[in-house]
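Q: Can we go through this structure together? I'd like to start with the helices.

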Amino acid sequence: MSDGMNGMPNMMSIEGGIPLAGTVRAQGAKNAALPVMAACLLLKGQTLTLDNVPDLQDVRTMVELLEALGVTVEKEPQGRMRFSVPEEVSPEAPEAQVRKMRASSLVLGPLLARGGQAALPLPGGCSIGSRPIDLHLKGLVQMGAKIEIRSGVVYAQADQLRGRRIYLDFPSVGATENLMMAAALAHGETIIENIAREPEIDNLAAVLGSMGVPIEIEGTGCVRIKGVSEVHSGNERVIPDRIEACTYLLAGVMTGGQVTVTDVVPAHFGSMLAKLEEAGARFSVRRDAVTVFPAERLQSLSLKTMPFPGFPTDLQPQMVATLSLASGVSMVEESVFQARFLYAEELNRMGANIRIKGNTAVISGVRQLHGDDVKATDLRAGAALILAGLTASGQTRVGEMIHVWRGYEAIDEKLRSLGARVELITEETK
Ligand code: UD1
């Protein structure tokens, strides 16, 4: 088996059972960085500067995609990236990057808005369920685009998008983002109702605002965007990664350690803190840092994933790993994606007792997990298995780390700085 992408080792070995202790800083949010990077495509002969961009495989994929379209990307120290966009860019998103990463579909809205046409190979399904982009396309059609799908490629065309009132049938994060970017260069005002309320949406609104687009998010789940004829150079800081931050907090909780995560916005993960409190975890919250403390064994609980401010689906696997050690039976219902429990079998190999019934995981808490060889089935599943490995007895080896590098910057170094015994293993090429 070969290494992960970009030569990153594809396996992590973990000696479990060490209570973690110390402080880590949250990285910039993957799910904020990807859309705001795509937003640079609205520019012509201008530059977007972003700070706090995390060093992740998905970010590298978006850089490759933007470069393939004609954008020049300069990386500076400390997560600053500068995107210089020429007057003309290619309207065709290259298949290689779109296949690698579904978020590549975020270039559709801005490409269409700036050049009147765009082609996007359909991103297809992935291991957490089918993920259509029908809501993105429906909104673009309402704004006047003609859409055709031929041989698995979406061709969109519109000489001039027109501002419209759009109601999203579901508060899709990606559809909200794509339509906000399209609306920035549309003629007239666009009002999108039932938008996603994830903090990453506010980050994108701030980027569009910095590029001169009048944009206002209303508390009622609605955004108003006044289209402009052209945007200008802008700059913004990527918000902290709430999912990564919570993963380290759960690592502290699971190992019975004391872990502080800094550079966070605690209001971005209120649902997780509420659930931790309900389960009996001990923690303290400051303005931009959260610390978890050793506590008694957690109590079981029920939760359901939902769009923000509900409990995030991207934390569901890590929370299930945590609850696998709680006393009693927990129920975790997945309501955002169809098939996000593939990893449960891997946790069961390590001694967890999780049964999947439709969209619900029924977790009977056990006292102890034991190390085993397991495989990450997707990004957050990989994080859950690493958490399990940190608290399991003996050695755990997590394969298919390729998924984890998509979203966790230097996870091995960060865990080591908290005292964990983890090593990356480069497998022999067969
Ligand atoms: C984003 C996040 C992802 C997170 C998800 C939900 C990024 C890069 N990724 O993904 O990590 O898990 O939000 O919080 O930000 N749907 C449709 N039709 C559409 C669009 C979505 O049916 O046109 C469905 C999807 O199949 C899924 C659900 O809506 O079941 C949520 O999708 P969406 O909110 O769009 O998530 P993404 O933007 O893909």
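Q: How do the axes of helix 6 and helix 7 cross, and within what distance do they come?
A: This is a predicted model. In it, the axes of helix 6 and helix 7 (residues 199-210) come within 10 Å. They cross at roughly 10 degrees.

Q: Roughly parallel or roughly antiparallel, helix 6 to helix 7?
A: Roughly parallel, because angles under 35 degrees count that way.

Q: Which residues meet there, in helix 6 and helix 7?
A: From helix 6, Val173, Thr176, Glu177, Met180, Met181 and Ala184. From helix 7, Glu200, Ile201, Leu204, Ala205 and Leu208.

Q: And by class, what does the contact of helix 6 with helix 7 have?
A: Eight nonpolar residues, one polar and two charged.

Q: What about helix 4 and helix 6, at what angle do they cross?
A: Roughly 15 degrees. Helix 4 covers residues 108-115, and helix 6 covers residues 173-184. Their axes come within 7 Å. That makes helix 4 roughly parallel to helix 6.

Q: Is that crossing of helix 4 and helix 6 left-handed or right-handed?
A: Right-handed.

Q: Which residues make the contact?
A: Helix 4 gives Leu108, Gly109, Pro110 and Ala113. Helix 6 gives Asn178, Met181 and Ala182. By class, five residues in this contact are nonpolar, two are polar and none are charged.

Q: Now the backbone. Is the peptide bond from Phe308 to Pro309 cis or trans?
A: Cis, with omega near 5 degrees. Most peptide bonds are trans.

Q: Where is Pro309?
A: In the loop between strand 17 (302-304) and helix 10 (316-323).

Q: Last one: Gln78. Is its phi positive or negative?
A: Positive, near 60 degrees, and Gln78 is not a glycine. Most residues other than glycine have a negative phi. Gln78 sits in the loop between strand 4 (72-76) and strand 5 (80-85).

How values were computed
Residues are numbered from 1 along each chain as its sequence is written. This is a predicted model: local features need pLDDT of at least 70, side-chain atom pairs count only at pLDDT 80 or more; totals for chains, interfaces and linings use all residues. Side-chain values use heavy atoms; hydrogens and water are left out. Axes are lines fitted to C-alpha atoms, for helices over the stretch in contact, and angles run from 0 to 180 degrees between N-to-C directions. Helices (H or I, at least four residues) and strands (E, at least two) are DSSP runs, numbered from the N terminus. Angles under 35 degrees count as roughly parallel, over 145 as roughly antiparallel, 65 to 115 as roughly perpendicular and the rest as oblique. A crossing is left-handed if the near helix is turned anticlockwise from the far one by less than a right angle, and right-handed if clockwise. Contact means heavy atoms within 4.5 Å. Ala, Val, Leu, Ile, Met, Phe, Trp, Tyr, Cys and Pro count as nonpolar, Asp, Glu, Lys and Arg as charged, and the others, Gly among them, as polar.
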